[in-house]
Amino acid sequence: MNSHNYDYLDGNAAAGELSNIFTMDVTAAEGQCAHCGAIKRFAEAHLYMQAPGVVARCAVCEHVLLRFVKARQRAFLDLSGMTCLILDTSQLQQHA
Ligand SMILES: [Zn+2]
């Protein structure tokens with residue numbers, strides 16, 4: 001039994017919140033962790049919803065990749081934990 005309470009969901013749980021901001025599906029994108037350099041699909045990230053907002057952590061090193069907080073009319077998106085986010089633009093043609 002694990003004594004730590006690491007209750008997280010996977011990155012797919014952020015799809016609803018982030019779809020309000022991004023027109024593309026971010027969970028299908030790949031992000032590079034600024035801490036360990038791992039490139040993983042965002043859907044594989046460990047997602048913590050109990051913080052104020054959403055915190056996504058690297059599945060490899062648990063470094064924070066993304067923070068998303070909504071407060072009244074503003075949304076705060078912190079992507080400083082990712083060196084890059086690689087989006088699949090083939091999705092864009094499907095909307096036409
Ligand atoms: Zn990492």
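Colleague: What makes the arrangement of the 4 donor atoms around the zinc ion tetrahedral?

Modeller: Four donors count as tetrahedral if all angles lie between 85 and 135 degrees. Here the 4 donor atoms subtend angles of 103 to 112°, so the arrangement is tetrahedral. Please note that this is a predicted model, in which local features need pLDDT of at least 70, side-chain atom pairs count only at pLDDT 80 or more, and totals for chains, interfaces and linings use all residues. Residues are numbered from 1 along each chain as its sequence is written, and side-chain values use heavy atoms, with hydrogens and water left out.

Colleague: Which protein atoms are called donors of the zinc ion?

Modeller: Donors are N, O and S atoms within 2.8 Å of the metal (3.2 Å for Na, K and Ca); water is not among the atoms, so sites may look incomplete. The SG atoms of Cys33, Cys36, Cys58 and Cys61 lie 2.3 to 2.4 Å from the zinc ion, and they therefore count as donors.

Colleague: Why is cysteine 33 called buried, and why is cysteine 36 called partly exposed?

Modeller: Buried means under 20% relative accessible area, exposed over 50%, and partly exposed in between (1.4 Å probe, protein chains only). Cysteine 33 has 2%, so it is buried; cysteine 36 has 36%, so it is partly exposed. Cysteine 58, at 3%, therefore counts as buried.

Colleague: How many disulfides does a search of the whole structure find?

Modeller: A disulfide is a pair of cysteine sulfur atoms within 2.5 Å. The search finds 0 disulfides.

Notes
Tetrahedral: all angles 85-135°; square planar, octahedral: opposite > 155°, others 65-115°.
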